[in-house]
Amino acid sequence: MATVRGCNLPDDLFYNIDNNVWARREADGTLTVGMTAYACSLAGEIVSYTPKKAGKEIEQNKSVSTVESGKWVGPVKAPVTGEVIAINPDVAAKPGTINADPYGSGWLVKMKPTDWAGQSGSLITGAAVATGFDAKMTADGFAGC
Amino acid sequence: MAVVAVELIVTSHFPPVWRLLDTGVRRAAENMALNRALLEARQSDVAPNTIRFLGFEPSALLGFHQSAEQELDLDYCAANGVTVQRRITGGGAIYMDADQLGWELYVDRRALGLAEMSQIAEKICTAAATGLQQLGVNAQFRPRNDIEVEGRKLSGTGGAFDGEALMYQGTLLLRFDVEKMLRVLRIPAEKLADKAIASARDRVTSLAVLLDVVPERVAIIATLSKALANAFGVSLQAGELNAAEIGLYEAALKEIDHPDWVYGVSKPATDRPTVTAQRKFAGGTLRVNVAYDLPQQRLRQVWFSGDVFISPRRTLMDLESRLRDVLIGRMPVTVEDFFAERQVDALGITPQNIVELIQAALVDVPVI
């Protein structure tokens with residue numbers, strides 16, 4: 001578990017720090033994908049969520065979902081290439097779930113990665129999570145969650 | 001080393017240059033495609049930071065996540081030459097025509113020195129309000145996204161981002177055709193006929209109402225762009241779209257100028273009921289209209305009307321703004337906090353009365 005400037009950033013997850021997105025590799029090899037607590041703090045309360053449809057193939061760093069907060073709209077980008085295999089009906093009903101539980105019930109999509117072995121090396125995990133996010137927060141001028 | 005030092009000194013003495021772009025009056029689809037193209041170009045670093053001004057042929061613009069069926073009177077739009085389009089930014093549906101001027105910023109987030117989206121919106125809106133003050137109106141930023149004059153909205157705004165690139169846009173009302181707006185938008189007070197028009201005039205204003213003479217478009221652009229440039233410590237240079245942007249624009253237009261884009265968000269109108277309630281108090285009658293998001297159990301828009309005495313007069317308009325998009329479960333504490341923060345003289349009406357009035361409006365709405 002890592003906490004950086006008050007933001008919870010579990011170090012057992014895989015992150016694309018620039019895109020502020022996490023992935024968890026499940027036992028069956030699929031991925032659960034979501035926004036970081038830091039991304040939620042920057043955005044404020046999420047009021048709308050439009051994921052890509054299940055069955056759609058998404059390339060790494062392309063949008064898997066669009067979210068809206070305080071009239072801002074932006075993409076959440078796929079940490080690796082893969083097929084969307086599930087979207088989150090609880091988040092569709094209550095997008096604020098993303099803010100309330102970003103690593104649990106607030107997940108955005110589940111994906112079947114095309115080449116996890118080849119692409120996961122670009123993601124950050126373990127001890128590098130805290131230092132990586134601290135550097136990003138410094139660059140962004142962010143005080144804390 | 002000496003060369004590096006000289007470069008640093010030179011850089012520090014000359015403000016960065018942003019591009020000033022005026023794309024004139026265009027169809028809504030073209031303006032939306034330019035939104036996407038310019039944001040993508042900024043994200044790919046093939047275009048500079050830019051301030052853009054734009055105009056619209058008559059059009060109804062949905063927020064990115066909104067559905068046309070829920071927000072617009074589509075029959076009226078079709079019969080009156082009002083084109084329906086969907087923005088890439090958030091927020092609510094608006095009506096645009098030659099009576100509004102659009103203003104937009106395309107910037108790298110790092111140029112603003114702010115991380116949180118709400119702070120970025122506040123900084124840009126405050127800068128735009130400063131420019132409007134120089135036109136002679138007492139414009140102020142009102143959280144979260146409005147620029148208002150004495151409680152009446154003069155400019156609504158919204159944004160989109162992609163990576164480090166931001167696009168933030170606002171509309172400035174030069175004149176205001178209340179009736180047309182009410183007819184295009186399915187707003188809660190539409191059934192109130194004359195009262196709806198009076199009610200809309202209480203909430204929205206325009207340069208034509210505020211000033212003896214509406215300044216020329218070119219003068220407004222000069223004043224607003226200068227204020228925005230000053231706020232961000234940059235200078236401006238007039239420019240045109242570059243080849244990369246034109247390529248991105250043509251690709252975006254193919255997708256956006258199509259019914260699949262405009263009507264891609266489909267939600268039944270029954271998921272967005274409009275409900276109402278009214279109560280008599282010692283100081284008069286207070287009525288509330290609520291546009292309610294049933295699946296999300298969220299207030300989308302709240303409108304107060306009636307003849308109650310409340311001072312300052314803008315209090316209820318500010319409360320409407322505060323209640324936008326609030327979950328119904330958080331409505332009571334939001335109302336209580338709102339009144340706790342300010343000095344209000346409301347003859348015989350308590351915050352609890354207002355909470356109960358909103359709850360009364362929603363009493364027949366099913367809980368799902």
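## The largest nonpolar core

In this predicted model, the largest nonpolar core holds 114 residues, and the members that touch the most other members are A:Val33, B:Ala60 and B:Ala128. Helix α2 of chain B, spanning residues 28-43, contributes the largest share of this core, namely 9 residues. In soluble globular proteins, nonpolar side chains tend to be buried together.

The surroundings of B:Ala60 can be listed once residues up to four places away in sequence are left out: B:Ala60 then touches B:Leu72, B:Cys77, B:Val82, B:Val84, B:Ala93, B:Tyr95 and B:Val184.

## Two domains in chain B

According to the domain assignment, chain B is divided into domain 1, covering 16-262, and domain 2, covering 269-361. The C-alpha centres of domain 1 of chain B and domain 2 of chain B are 27 Å apart, and the contact involves 12 residues from domain 1 of chain B together with 14 residues from domain 2 of chain B.

On the side of domain 1 of chain B that touches domain 2 of chain B, at least two residues each are supplied by α3 (68-71) and α7 (194-203) of chain B, with α7(B) giving the largest share, 4 residues. Sorted by class, this side of domain 1 of chain B comprises 2 nonpolar, 3 polar and 7 charged residues.

Methods:
Residues are numbered from 1 along each chain as its sequence is written. Chains are lettered from A and ligands numbered from 1 in the order in which they are written. This is a predicted model: local features need pLDDT of at least 70, side-chain atom pairs count only at pLDDT 80 or more; totals for chains, interfaces and linings use all residues. A nonpolar core is a set of buried Ala, Val, Leu, Ile, Met, Phe, Trp, Tyr and Cys residues joined through C-beta atoms within 7 Å. A residue is buried if 20 or more other C-beta atoms lie within 10 Å of its own, exposed if 12 or fewer, and partly exposed in between; C-beta atoms are placed from the backbone. Two residues are in contact if their C-beta atoms, placed from the backbone, lie within 7 Å. Domain bounds come from an automatic or database domain assignment. Ala, Val, Leu, Ile, Met, Phe, Trp, Tyr, Cys and Pro count as nonpolar, Asp, Glu, Lys and Arg as charged, and the others, Gly among them, as polar.
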